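Thanks for coming. I will go through one structure today, strand by strand, and then turn to its charged residues.

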Amino acid sequence: MLSDRVVVAEILKPRGNRGELLARSQTDIPGRLENLKHAHAQLSDGTDVAVDLAEVWPHKGDWVLKFAGVDSIDAADLFRGADLWVAAADRGTLPKGEFFRSDLIGCSVVDAATGKRIGKLEGWQESGGPPLMEVMTDGRQVLIPFVASLFQVDLEEKVIKIDLPAGLLDL
C-alpha cells in the first residue's frame, strides 16, 4: 500500500551563510531534484512545511537546496534533519520493468523453481552493491540481494518470484 507521501531527499544541514541546505537524494529518478519546484519538508518535530525550491545543484555526491525565503543560517537550521517529500501522486514515473521499492514492500517472495513461499518483503538495506531485500521468513530476517535478472515481479498479485541461488537462505 502506498503512503500518501514519498521522501525525495534527506536534509542534512545548513551549508554556507545564505540559507542553503546540504541534502542527500532519496530518489532514483534522473532529474527529479533539479526539476522539483514545490515540495514539503517534514521537520524533526513532525511539522510539515511547504517549500518552494529556488535553486538545486549537485555538490560532492550530495545536493545543495535553496528554498525561497530561507536566506540565513538560522533560517536554514530549522530544516536540519528534515525529510523533503512530495505527494505520492507526484512521485514520478519509472521506465517499464522498473519498480519503486516502496511498491514491493509487503509482497510475498516465492522460490520460482518450487513455488514455495520464502517470506514477506518488509524493507530494504543499501550496502554499496545491489539493494538488499529484508525478507521475514520463519521468524527471522533474511537479506536477499535484489538482482533484476533473478526476479520476476507481479505487482498486481503482490508476488516476487526469485531464482534462488543454492544455499542463500542458509547464510
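**Strands, cores and charges**

Strands β3 and β6 pair in the antiparallel sense over 3 bridges. Strands here are DSSP runs of E, at least two residues long, numbered from the N terminus, and two strands pair if DSSP finds at least two bridges between them. In this pairing, His40 stands opposite Trp85 in β6.

Before going on, the model is a predicted one: local features need pLDDT of at least 70, side-chain atom pairs count only at pLDDT 80 or more, and totals for chains, interfaces and linings use all residues. Residues are numbered from 1 along each chain as its sequence is written, and side-chain values use heavy atoms, with hydrogens and water left out.

Back to β3. It also pairs with β4, in the antiparallel sense, over 5 bridges. Ala39 has Val51 as its bridge partner in β4. The hairpin of β3 and β4 has 5 residues between the strands, and Gly46 there takes a positive phi near 95°.

Next, the nonpolar cores. By a core I mean a set of buried Ala, Val, Leu, Ile, Met, Phe, Trp, Tyr and Cys residues joined through side-chain atoms within 4.5 Å. The largest core has 22 residues, and the members that touch the most others are Leu36, Val51, Leu53, Leu65, Phe67, Phe79 and Leu84. Two or more residues each come from β1 (5-15), β2 (20-25), β3 (38-42), β4 (48-59), β5 (62-67) and β6 (83-87). A second, separate core of 15 residues includes Val109, Met133, Val135 and Val142.

Take Leu53 as an example. Not counting residues up to four places away in sequence, Leu53 touches Leu36, Lys37, His38, Ala39, Leu65, Lys66, Phe67 and Leu84. Contact here means heavy atoms within 4.5 Å.

Now the later part of the chain. An open sheet of 6 strands runs in the order β10-β9-β8-β7-β12-β11, with mixed pairing. Its edge strands are β10 (140-145) and β11, each pairing on one side only. On average, neighbouring strands of this sheet are turned by 35° against each other, direction ignored; the axes are lines fitted to C-alpha atoms, and angles run from 0 to 180 degrees between N-to-C directions.

Within that sheet, β8 (residues 117-125) and β9 (residues 132-137) run antiparallel and are joined by 5 bridges. Leu121 has Val135 as its bridge partner in β9. Strands β11 (residues 151-154) and β12 (residues 159-162) are also antiparallel, over 4 bridges, and Gln152 has Lys161 as its partner in β12. Their hairpin has 4 residues between the strands, and Lys158 takes a positive phi near 60°.

Ala148 sits in the loop between β10 and β11. Is Ala148 buried or exposed? It counts as exposed because its relative accessibility is 58%.

Last, the charges. The structure holds 7 salt bridges, a salt bridge being a side-chain nitrogen of Lys or Arg within 4 Å of a carboxyl oxygen of Asp or Glu. One of them is Arg5 with Asp48, where the closest N and O atoms are 2.9 Å apart. That pair links distant parts of the chain, with Arg5 in strand β1 and Asp48 in strand β4, 43 residues apart.

Another joins Glu20 and Arg15, with closest N and O atoms 2.6 Å apart. Glu20 counts as buried because its relative accessibility is 6%, whereas Arg15 is partly exposed at 26%.

Arg24 and Asp62 form a further salt bridge, at 3.0 Å between the closest N and O atoms. Here Arg24 is in strand β2 and Asp62 in strand β5, 38 residues apart. Salt bridges that share partners also join Asp4, Arg5 and Asp48 into one network.

I will end on Asp111, in strand β7 (residues 108-111). Asp111 is buried yet has no salt bridge, and the nearest side chain of opposite charge, Lys116, is 7.7 Å away. For that count, Lys and Arg are positive and Asp and Glu negative, with His and the chain ends not counted. Leaving aside neighbours within four places in sequence, Asp111 is in contact with Lys116, Ile118, Ile162 and Leu164.

Conventions. Buried means under 20% relative accessible area, exposed over 50%, partly exposed in between (1.4 Å probe, protein chains only).
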